[in-house]
Amino acid sequence: MSEFWLISAPGDKENLQALERMNTVTSKSNLSYNTKFPIPDFKVGTLDSLVGLSDELGKLDTFAESLIKRMAQSVVEVMEDSKGKVPENLLANGVDLTSFVTHFEWDMAKYPAKQPLVSVVDTLAKQLAQIETDLKSRTAAYNTLKTNLENLEKKSMGNLFTRTLSDIVSKEDFVLDSEYLVTLLVIVPKPSYAQWQKTYESLSDMVVPRSTKLIAEDNEGGLFTVTLFRKVIDDFKTKAKENKFTVREFYYDEKEIKREREELSRLLSDKKQQYGPLLRWLKVNFSEAFIAWIHIKALRVFVESVLRYGLPVNFQAVLLQPHKKSSTKRLREVLNSVFRHLDQVAAASVLDASVDIPGLQLGNQDYFPYVYFHIDLSLLD
């Protein structure tokens, strides 16, 4: 499973023994894979400042998770033709996300632990805000380009009644610059090809003999040219309609057709040029955002552990990876049993949802006697 539980318990002898019991039970019952989660000693400051940071970190955690989801989705959208290669572009420090989480080490160079906690949190917040700003501008430019290209390409799709004809017809198909003659395009159902050949010259007066030519086909019918005098256009259209032949409105404009083709070529070229740089930016900054997110999780464990267990700072953080979804309920029961001494009333209530404690949403399992945070990587699949 790509789901992790990040917990902490006091670091005294009794609770270290409780952690050992937890490791023994979860290992024997094959409930989870457990590893220590190293968190440096930070400058604590005042308890008031920690309470404020607890709230700020909660919001920052939610923002960071939302950001990396959006970045992962952007990678999927950009790699539209190579979705099988998406996972290799969603890495953290060059390794897969699970490996990064299970082998997490605090980045002292980027987030110095000797700085006040508020400064570390501020650094993370500014970094993620800048990534989000850049993500919006870069993806907006690429998506606009992609939309314009798709709209242009859609014109070349569909049947002969709706699609553009500029990539089908050529100058040689038309009588141009004539004061008297005009070439029309007529859509003829496939079963009516023979009827068209027999009757088109007699649908109206002044139709040029042997002027019809099949220039394109789709599943339903064919596109034929026919040349006639301008003065009989309306009469010809009426008679054609009576015979279930459809005159397609089209004016051959060489300059417009050239402009359309050049625009398509330019958009294809621009998309190709932007694809590589955008994917590289997403890959690098997804890694940065994900790394920042896990550092935020570590900070939350530190702050909540100090608020829960008090000073001096002394706790042990552990990362649990449940082996399967069906075992999470049993794993929760083991943890609540092992650590129920940390908060006897709350632990009993988590095990028995019928016990109600004002202010604690125990029926929804929102409170535990130990510090607990959840990391769900399946949301990025």
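Student: Which residue does Lys146 form a salt bridge with?
Tutor: Lys146 pairs with Glu80, and their closest N and O atoms are 3.8 Å apart. A salt bridge here is a side-chain nitrogen of Lys or Arg within 4 Å of a carboxyl oxygen of Asp or Glu. Keep in mind that this is a predicted model, where local features need pLDDT of at least 70, side-chain atom pairs count only at pLDDT 80 or more, and totals for chains, interfaces and linings use all residues. Residues are numbered from 1 along each chain as its sequence is written, and side-chain values use heavy atoms, with hydrogens and water left out.

Student: OK, and where do Lys146 and Glu80 sit in the chain?
Tutor: The pair links distant parts of the chain, 66 residues apart: Lys146 is in helix 4 (residues 117–154), and Glu80 is in the loop between helix 2 and helix 3 (97–102). Helices (H or I, at least four residues) and strands (E, at least two) are DSSP runs, numbered from the N terminus.

Student: Is Lys146 buried or exposed?
Tutor: Lys146 counts as buried because its relative accessibility is 13%. Buried means under 20% relative accessible area, exposed over 50%, and partly exposed in between (1.4 Å probe, protein chains only). Glu80 has 28%, so that residue is partly exposed.

Student: How many salt bridges does the structure hold?
Tutor: There are 20 of them. One is between Glu65 and Lys69, with the closest N and O atoms 3.6 Å apart. Those two are separated by about one helical turn, because they are four residues apart in helix 2 (residues 47–78).

Student: What about Arg266 and Glu263?
Tutor: Their side chains meet in a salt bridge too, at 3.0 Å from N to O. Arg266 and Glu263 are three residues apart in helix 7 (residues 254–309), so about one helical turn lies between them.

Student: Which residues are linked in a network of salt bridges?
Tutor: Asp61, Lys297 and Arg300 are linked that way.

Student: Switching to strands: how many residues of strand 5 are buried?
Tutor: Eight of the nine residues in strand 5 (residues 221–229) are buried, so the strand is mostly covered.

Student: Which sense does strand 3 pair with strand 5 in?
Tutor: Strand 3 (residues 181–189) and strand 5 run antiparallel, over nine bridges. Two strands pair if DSSP finds at least two bridges between them. Leu184, for instance, has Val226 in strand 5 as its bridge partner.

Student: And what joins strand 4 to strand 5?
Tutor: A hairpin does, through three residues. Strand 4 (residues 213–217) also pairs with strand 5 in the antiparallel sense, over four bridges.
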